[in-house]
Amino acid sequence: MSKEERSPSGGGGGLYIHIPFCKQACHYCDFHFSTNLKKKVEMLEALSKELVLRKAEFSEEVVETIYFGGGTPSVLNTSEILKLVHTIYENYEVVPDAEITLEANPDDLSESKINELAQGPINRLSIGIQSFYEEDLKLMNRAHNALEAELCIREAKKRFNNISIDLIYGIPNMSNERWKSNIEKALSFKIPHISSYALTVEPKTALAKFVEKGLIAPVRDEVAQEHFNILNETLTSMGYAGYEISNFARPGYFSKNNSAYWQQKKYLGIGPSAHSFDGDRRGWNINNNSNYIKAISDGKLPMEVEVLSKTDKYNEYIMTGLRTIWGVSFSRIAAEFGEKYEEYLRLQAEKYVQEHLLYLDNGNLLTTKKGKFLADGIAADLFMLNL
């Protein structure tokens with residue numbers, strides 16, 4: 001693991017471009033998207049215009065990462081993606097070795113599409129596999145099938161070195177054996193980066209309705225925790241570093257984009273529902289495509305902004321830090337927030353250290369193997385509520 005991967009570094013920031021379109025709605029998804037692509041042209045024009053309108057916010061920054069998320073960015077054709085990248089390069093200073101990631105679904109990654117993408121500036125693919133089993137994909141209402149999941153990885157590996165795949169665990173009726181098989185299948189392709197998340201039942205999703213009606217078995221936390229432990233043990237034994245609870249990578253393949261979020265670097269979120277952060281403020285765009293397009297066409301930014309207090313910043317650092325291999329630095333707490341915050345953190349953390357859920361290493365507070373899956377709950381208990 002390189003020194004850069006071991007600890008946060010200063011410097012530039014990132015751009016996140018939200019493409020709010022999907023072919024179909026996955027049953028578990030509560031992200032902002034539309035399956036109606038009629039306004040795609042207007043949306044792309046609005047995204048380009050927002051990039052121009054907000055370039056002053058990055059006038060003193062260099063762009064280190066560009067991330068196309070969604071939604072499903074791979075529903076765009078290559079020329080549409082390239083036009084957005086061109087707008088970025090025209091209006092922002094971008095480092096020569098910028099990490100440029102495109103989220104993609106297997107059903108979009110034909111051989112010809114992969115070849116087109118490989119000839120442009122996109123240098124990293126994040127592929128939404130989710131599972132290599134047909135029954136899981138059908139339960140989640142994914143647009144691809146198990147065969148497409150495997151074929152797209154084989155084709156992508158011919159043209160791209162830097163590939164990540166997503167896998168979901170804790171799926172109802174998914175046995176430990178099937179989950180292990182999913183991980184082993186991913187490892188067989190020698191994918192350098194794997195992001196893996198527990199299936200959650202979000203309000204107002206189709207999955208929530210199916211569970212409520214008894215059509216799908218409830219998602220069980222104890223199963224998800226067992227699957228997470230299997231994931232963590234298997235990938236670390238194969239040389240992957242769990243640099244963040246949901247992200248595992250071989251040396252040299254930590255996602256710069258993901259790391260920037262967890263290390264609290266500055267980023268601009270472009271597009272409807274996209275979030276931004278500059279160290280002192282958080283902003284989020286309206287999550288309505290039509291209203292977003294209209295506002296941007298009128299030269300207005302449809303964004304709400306929250307100014308973060310010292311306590312807000314402390315709480316965010318605790319939340320993000322505990323999810324990573326870098327942990328939470330007591331010296332940083334003292335320097336940035338003051339001795340009262342450091343004393344409070346030491347006092348609150350003590351019981352978790354005694355329970356072997358947290359441990360101290362060289363002045364940093366980190367989660368143990370047992371504590372990783374519980375990190376968000378532990379962090380919430382370490383939050384400062386009043387000071």
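These legends describe close-up views of helices, helix contacts and backbone geometry in a predicted model.

**View 1**
Helix α9 covers residues 221-237. At 1.5 Å a residue, its 17 residues should span 24 Å. The end C-alpha atoms lie 24 Å apart, so the span agrees with expectation. Buried residues of α9 are V223, A224, H227, F228, I230, L231, N232 and L235. Several elements cover these buried residues, including the strands β5 (163-169), β6 (193-198) and β8 (247-249). Helix α7 (176-188) is also among the covering elements. Just after α9 comes G239, with a positive phi of about 90°.

**View 2. Helix α3 and its cover.**
Helix α3 runs over residues 78-91 and has 14 residues. From first C-alpha to last it reaches 20 Å, close to the 20 Å expected at 1.5 Å a residue. Its buried residues are T78, E80, I81, L84, V85, T87, I88 and N91. The cover over them includes strands β1 (13-19), β2 (63-70) and β3 (94-104). Helices α2 (40-53) and α4 (111-118) also take part in that cover.

**View 3. The cis peptide between G70 and G71.**
Most peptide bonds are trans. The bond from G70 to G71 is cis, with omega near 20°. G71 sits in the loop between β2 and α3.

**View 4. The crossing of α4 and α6.**
The axes of α4 and α6 come within 10 Å and cross at roughly 25°. The two helices therefore count as roughly parallel, since the angle is under 35 degrees. Their crossing is right-handed. On the α4 side, the contact residues are E111, I114, N115 and A118. They meet C152, E155, A156 and R159 in α6. By class, this contact has 4 nonpolar, 1 polar and 3 charged residues.

**View 5. The crossing of α12 and α14.**
Helix α12 spans residues 310-321, and helix α14 spans residues 339-354. Their axes come within 12 Å and cross at roughly 40°. That angle makes α12 oblique to α14. The crossing is right-handed. K310, T311, Y314 and I318 are the α12 residues in the contact. Their partners in α14 are Y341, Y344 and L345. The residues of this contact divide into 5 nonpolar, 1 polar and 1 charged.

**View 6. Positive phi at N141.**
Most residues other than glycine have a negative phi. N141 is not a glycine, yet its phi is positive, near 60°. N141 lies in the loop between α5 (134-140) and α6 (146-159). Is N141 buried, partly exposed or exposed? Its relative accessible area is 24%, so N141 counts as partly exposed. The buried class requires a value under 20%.

**View 7. Positive phi at N362.**
N362 also has a positive phi, about 55°, although it is not a glycine. N362 is found in the loop between strands β14 (358-361) and β15 (364-367). Relative accessibility of N362 is 77%, so this residue counts as exposed. The cut-off for that class is over 50%.

Definitions and conventions:
Residues are numbered from 1 along each chain as its sequence is written. This is a predicted model: local features need pLDDT of at least 70, side-chain atom pairs count only at pLDDT 80 or more; totals for chains, interfaces and linings use all residues. Side-chain values use heavy atoms; hydrogens and water are left out. Helices (H or I, at least four residues) and strands (E, at least two) are DSSP runs, numbered from the N terminus. The expected span of a helix is 1.5 Å times one less than its number of residues. Buried means under 20% relative accessible area, exposed over 50%, partly exposed in between (1.4 Å probe, protein chains only). Contact means heavy atoms within 4.5 Å. Axes are lines fitted to C-alpha atoms, for helices over the stretch in contact, and angles run from 0 to 180 degrees between N-to-C directions. Angles under 35 degrees count as roughly parallel, over 145 as roughly antiparallel, 65 to 115 as roughly perpendicular and the rest as oblique. A crossing is left-handed if the near helix is turned anticlockwise from the far one by less than a right angle, and right-handed if clockwise. Ala, Val, Leu, Ile, Met, Phe, Trp, Tyr, Cys and Pro count as nonpolar, Asp, Glu, Lys and Arg as charged, and the others, Gly among them, as polar.
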